Amino acid sequence: MACKGFSVYHAFKWNSYARRVNFSLIVGVVIVAALAFDFTNGFHDTANAMATSIATGALKPRVAVAISAVLNLVGAFLSIQVAKTISGGIVDDTKVTPVVIFAGLVGAIIWNLLTWILGLPSSSSHALFGGLIGATWIASGADAVHFGQVVQKVLIPAVASPLVAGVVAMAGTFLVYRITESARQDVVSRSFKTAQALSASLVSLAHGTNDAQKTMGVVTLTLIASGSLAAGSGPPLWVILSSGVAIAAGTYFGGWRIINTMGKRITEIETPQGFAAETSAAVTILASSHLGFALSTTHVCSGGIVGSGVGRKLAEVRWGVAGQMVIAWVLTLPAAAVVGAGAAEVAREGAFGTLSIGVFLIAIALGVFLWSRRNPVTPDTVTAAAEPIPATV
Amino acid sequence: MDINWGALGTVALIALVVVAAVTGLFALGVRGLSARVAARDSGTSGSAGLTTAVLCFAVCIAVVGYGIYLTVTA
């Protein structure tokens with residue numbers, strides 16, 4: 001905490017808009033929690049961009065996460081349209097306090113850790129929204145949650161985006177195999193390795209511009225709410241930098257469990273399929289963010305992978321694994337909401353309550369980490385063959 | 001409730017067209033490369049294949065570059 005206070009002190013000197021006010025403890029706590037969420041966001045989502053490239057051998061595991069980390073950091077600086085509001089109108093922003101944000105972040109982090117240990121690619125955005133919805137509900141009542149907006153901005157895209165990416169990837173995969181059928185297969189395999197490395201990098205960049213912004217939005221809003229920044233100001237440099245670094249560090253950390261699921265367990269991927277899946281994901285993300293249609297990178301990328309499995313002749317999709325993923329998607333928002341609500345309830349007890357939540361969060365994180373050591377997935381084992389595809393009945 | 005079906009349809013359509021174009025062109029480029037390699041193996045220059053490949057890859061890169069441009073300026 002002392003360390004955080006130090007950097008915050010320096011931030012004042014950097015930012016001319018900053019007014020000199022006392023930093024309360026809770027602001028520091030929220031910033032640390034936001035960066036912790038950002039870190040889990042990074043390792044949870046490395047798989048989106050890199051899983052298929054690692055699975056096909058287009059990129060070596062450690063090289064892949066390094067590229068992805070750097071591009072996430074670059075992406076954090078590229079984005080200009082910084083999240084003006086962390087909630088996107090899903091909850092009433094005027095009723096969001098630093099304590100509510102903290103409780104929401106706790107819900108999101110815990111859900112991210114639990115799905116990671118199970119190797120399930122779930123949406124970090126849904127976890128964040130869920131946490132905030134639950135915490136706001138408890139702190140300010142159900143009226144402060146805009147359920148119409150939740151359906152429109154979260155649920156509809158959640159159903160539509162993987163379907164769109166899936167159908168598009170299916171068409172792309174079919175086209176690629178059809179066109180290169182008569183070509184020399186050594187040339188085909190070499191060319192698509194390069195193509196896949198490039199398309200995966202594009203997804204990483206798109207991810208950086210989207211997801212690092214959420215943390216910047218959280219921190220900036222907390223600073224504004226506490227009076228440290230003037231209303232309507234953008235994130236100071238130290239916020240952009242720390243958010244970018246946290247998500248990049250998380251990405252480099254790897255999230256090998258989820259990479260294994262997305263690269264090996266859904267379907268066996270060849271380089272042309274990976275290229276089609278990633279291109280579909282990148283284009284869908286870019287097209288929709290350009291049209292102001294919010295979606296989850298995780299859903300889009302998973303949909304693309306399933307589609308590329310369907311689009312290749314003789315490739316089989318393990319629908320059981322796909323089904324588990326969908327269950328995790330459906331549960332993400334309500335589960336994070338329940339944890340966020342619980343945290344908000346405890347935080348009502350005042351500073352001691354907030355402190356206990358922090359301790360509880362650290363305990364969970366430690367427990368999950370120790371649990372993960374019992375059955376580690378590392379860069380060296382991440383491409384190990386999955387269980388054989390059961391014969392179709 | 002106001003579900004923006006128009007935007008959804010637009011995203012689906014744009015994604016389908018752009019992805020079909022990029023993956024299709026790239027695949028054609030690969031076929032060009034393959035034709036060149038095959039031609040060289042049999043002693044001819046294979047420049048037609050190379051030209052196809054270069055053109056296709058250039059268009060792919062242009063489309064991707066435009067995508068990044070849109071992201072940065074959005």
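I began with the largest nonpolar core: among its 140 residues, Met50(A), Phe102(A), Ala103(A) and Val106(A) touch the most other members. A core here is a set of buried Ala, Val, Leu, Ile, Met, Phe, Trp, Tyr and Cys residues joined through C-beta atoms within 7 Å. Buried means that 20 or more other C-beta atoms lie within 10 Å of the residue's own, with C-beta atoms placed from the backbone. Helix H2 (residues 25-56) of chain A brings the largest share of this core, 17 residues.

A note on the model: it is predicted, local features need pLDDT of at least 70, side-chain atom pairs count only at pLDDT 80 or more, and totals for chains, interfaces and linings use all residues. Residues are numbered from 1 along each chain as its sequence is written, while chains are lettered from A and ligands numbered from 1 in the order in which they are written.

Next I looked up Val106(A). Leaving aside neighbours within four places in sequence, I found Val106(A) in contact with Ala33(A), Gly131(A), Val339(A), Gly340(A), Ala343(A), Ile357(A) and Leu361(A). Contact means C-beta atoms, placed from the backbone, within 7 Å.

Then I checked helix H12 (residues 319-347) of chain A. Its 29 residues should span 42 Å at 1.5 Å a residue, and the end C-alpha atoms are 41 Å apart, which agrees. The expected span is 1.5 Å times one less than the number of residues. H12(A) has a kink of about 40° at Thr332(A), shortly before the proline Pro334(A). I take a bend as the angle between axes fitted to the seven residues ending at a residue and the seven starting there.

H7(A) bends by about 30° at Gly208(A). It is mostly covered, with 32 of its 41 residues buried. Just after H7(A), I noted a positive phi of about 85° at Gly227(A).

Last, I turned to chain B, which has 2 helices and 0 strands; helices are DSSP runs of H or I, at least four residues, and strands are E runs of at least two. Its C-alpha atoms fill a box of roughly 65 × 25 × 10 Å along the principal axes. I counted 32 residues of chain B in contact with 36 residues of chain A. H1(B) gives the most to that side of chain B, with 23 residues.

Terms used:
Contact = placed C-beta atoms within 7 Å. Buried ≥ 20, exposed ≤ 12 C-beta atoms within 10 Å, placed from the backbone.
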